[in-house]
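Reader: I would like to learn how to read a chain contact, and then a sheet. Can we take them in turn?

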There are 2 protein chains.
Amino acid sequence: MQKPSIPKGTRDFSPEEMAKRNYIFDTIRAVFHLHGFSQIETPAMENLSTLMGKYGDEGDKLLFRILNSGQFMDGLTPDERATASSLDIANKISEKGLRYDLTVPFARYVVMHRHEISFPFKRYQIQPVWRADRPQKGRYREFYQCDADIVGSESLYNELELIQLIDEVFRRFDLRIRIKLNNRKILSGIAEILGESVHLTDMAVAIDKLEKTSLQQVNEELAEKGLSETSIRQLQPILQLSGTNEEKLNKLDSILSSSETGRQGIREMRTVLELIRPLSLQAIVELDLCLARGLNYYTGIIIEVKALDAAMGSISGGGRYDNLTGVFGLPDVSGVGISFGADRIYDVLNSLDLFPTSIKPTISVLFLHFGPADAAWCQPLIQSVREAGIPAELYPDPVKIKKQMSYADDRHFSHVVIAGETEVTQGQVTIKNMLTGNQLTVAAADLVSQIMN
Amino acid sequence: MQKPSIPKGTRDFSPEEMAKRNYIFDTIRAVFHLHGFSQIETPAMENLSTLMGKYGDEGDKLLFRILNSGQFMDGLTPDERATASSLDIANKISEKGLRYDLTVPFARYVVMHRHEISFPFKRYQIQPVWRADRPQKGRYREFYQCDADIVGSESLYNELELIQLIDEVFRRFDLRIRIKLNNRKILSGIAEILGESVHLTDMAVAIDKLEKTSLQQVNEELAEKGLSETSIRQLQPILQLSGTNEEKLNKLDSILSSSETGRQGIREMRTVLELIRPLSLQAIVELDLCLARGLNYYTGIIIEVKALDAAMGSISGGGRYDNLTGVFGLPDVSGVGISFGADRIYDVLNSLDLFPTSIKPTISVLFLHFGPADAAWCQPLIQSVREAGIPAELYPDPVKIKKQMSYADDRHFSHVVIAGETEVTQGQVTIKNMLTGNQLTVAAADLVSQIMN
């Protein structure tokens, strides 16, 4: 006899949790539709050739690999069998992996289906992804992503649209947020004027940690990664740039005046911020020069969303990538996208008690029964309640009424219907409103109207 | 440069396909709710100890296994590395597999969460499953199942409810169906009176093929499996039993009079058929003694659904199992369930042209633009259309109007809004109805009411 368990880092979702999760997914989906995004789905398994090398060396290690079927060891030489490393053997005995995010499968989709797609292509995708990360609080090995991307257009109106979309999603959740923006081109410009372009990625990774750690530690990491003392000193005023978005951009104007890339980044930021200004967003929009985001494929504006009233990492993030499909043979397709983290949003809404109370259907009816006669009598009535669009069911077993009532409580039925011998004889039913406790006996024909009353 | 592909037997779903698939899922989900089923979800990965041995030897071979992370070869002895079979090595280097169906994970869920569950527990689950089967037309390695089960009640009202639910789902799809019923106890009774109880499973598997193959071939298989010539001869009249459901049951009464199990099966069938009679179902309900269904865990009534107007295997099926959770340490929990095959239903609805034509949102608006001035002018108008609940978006690039219009066609927008220099100066917009071709210029303030008109 086995004591069952589930793999670490994975979860079951109960009916109560599903109701809340569906509230999140349905809200996001509705806003995606309102902005003209269309849904696609891709397979859980992708070829490893599609996934490998897209998420850095660390990402490759976090891929869940699928073992080839059948006599998978037959492809190995005796020598390989005896001595090859686990990694080398893995590459021989597995060809498929579980998707790690929705962006790379989407890039693969765009390339494979480019002749059916009308560009700019606005797609959304809500599916689970898997990462063999060490599980910890708030970090799972299976979790859902909700992504919206626009590919095939370089216009900054797309960035504007994503910012509006973010604002609308969190407005519907009644959650106050800060949208942090930066531009990879500004970061490139900074690295360029420091003479540290070769260290751009290391620099971005280090300063991205400024929010969670101290300036001291960031500086130590920068030195470790090989940035010169002079560069680190010159970087300090930039990292500590303060003031309004406009003030920051004005200071950057002079700092980056000698970098064409940097100036381009500033221009893009100005354009987007000017487009946003008249829109009276609910969110606070802030230029944050320390925002870098880890993923290498971003090339333009980057976006990250934080909840104002909860201690939680980013609950949404994204940015522009100029050449995501290039690796699959389709160059020059620029795109910009945003991803919502359903699990973190769930935790934030829960901690702030922001889930609507009426997630459960407001009306639902349980018919009790004590034997075949009244169960049979109830059948057409159950049918008529369902035909009115109201969930209805018969308690299936003729057990004691106390047990049936306690089930009605547990399942949160709004009404219970009882048809005992007296009622059946007189063509009546007794209805108990479980919210008020009121009970009344009516003609069977009036059941539906009485319940909907 | 890689030419991207996806693993064989898997599929991408385009926006058009997703709209149709969501129509199927949403319809089934609505009927599940109407009948009081609550949704749960379980992880894609389960421990292999949960999955193995539940689907027979064939099923075990069809499980997709996840390779352990890290130095997975370290657990093998040099001898095992050199000589162990692929299967033995697989058991050492993989602990998790992708779920093969939704029933076994559900049984595992019930046992793990039994203290939170109020029985009878009515759950539904709509998630993909994975099988390393040889892909062929209509058979995929990743496909969705839509399952509804009731556990913790032995009442035949549950069987009745599932039959009503099936009828309602296909009524909403406008699809004519035959619901075939049988009872494992009747099959057990038949094996018993033939003195072939040890061959029950082989017998069931063989006669289940009668629909697809000839009686001759079924008899050959029965002989191969070890049924005696006498038994096979005695079985013939039973396999060819004809008439109404009542006539079949009457004949079975005498055939199975000496088998207590068989008589119990007949009683259950009679009860369910009597409960169905007054309900005026749309479906044809037929007792089919050759219906056996492959899965070993069924112990009572079994159900299978066929479309009347399309050549397709069963599009839904299920049955009662008396001890599904026993293997996980929780005995005596009886359950009954039904599974809808979304992919086959999709193919049937497609072939009969039964998808509603208005799956796409009826109204949606594309704003064209020619430069920053009119794009900025459009922003508050786009916002106002969205606030009215109508999907709206700006074509993001200031390209030729012909290209923008062709995009509007491809994406099936119902309206296109143009605000050129003249319109902007006069506070107007030009609206083109893409269905009628009509075009008119109105005050910007009247845009929403004009579109909703």
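Reader: How much area do chain B and chain A bury between them?

Author: This is a predicted model. Buried area is what two parts lose on being put together, summed over both. Here chain B and chain A bury about 8,100 Å² between them. Carbon and sulfur atoms hold 55% of that area. The contact draws 100 residues from chain B and 100 residues from chain A.

Reader: How many salt bridges are there between chain B and chain A?

Author: Look for a Lys or Arg side-chain nitrogen within 4 Å of an Asp or Glu carboxyl oxygen. Between chain B and chain A the count is 6 salt bridges. One of them pairs A:Arg108 with B:Asp12. Their closest N and O atoms are 2.5 Å apart.

Reader: Which helix gives the most to the side of chain B that touches chain A?

Author: Helix H15 of chain B, residues 372-387, gives the most, with 6 residues. The residues on that side of chain B divide into 47 nonpolar, 32 polar and 21 charged.

Reader: Now the sheet. In what order do the 5 strands of chain B lie?

Author: Strands of a sheet pair through backbone hydrogen bonds, either parallel or antiparallel. In chain B the order is E13-E12-E14-E15-E16, an open sheet with mixed pairing. Strand E13 (392-394) and strand E16 (439-443) of chain B are the edges, each pairing on one side only. The twist averages 25 degrees from one strand to the next.

Reader: How many bridges join strand E12 to strand E14 of chain B?

Author: There are 3 bridges, and strands E12 (residues 365-367) and E14 (residues 415-418) of chain B run parallel. B:Leu366 has B:Val416 as its bridge partner in E14(B).

Definitions and conventions: Residues numbered from 1 in each chain as written. Chains lettered and ligands numbered in written order. Predicted model: local features only at pLDDT ≥ 70, side-chain atom pairs only at ≥ 80, totals over all residues. Heavy atoms only, no water. Contact = heavy atoms within 4.5 Å. Buried area = accessible area lost by both parts, 1.4 Å probe. Helix = DSSP H or I, 4+ residues; strand = E, 2+ residues; numbered from the N terminus. Nonpolar A, V, L, I, M, F, W, Y, C, P; charged D, E, K, R; others polar. Pairing = 2+ DSSP bridges. Axes fitted to C-alpha atoms, helices over the stretch in contact; angles between N-to-C directions.
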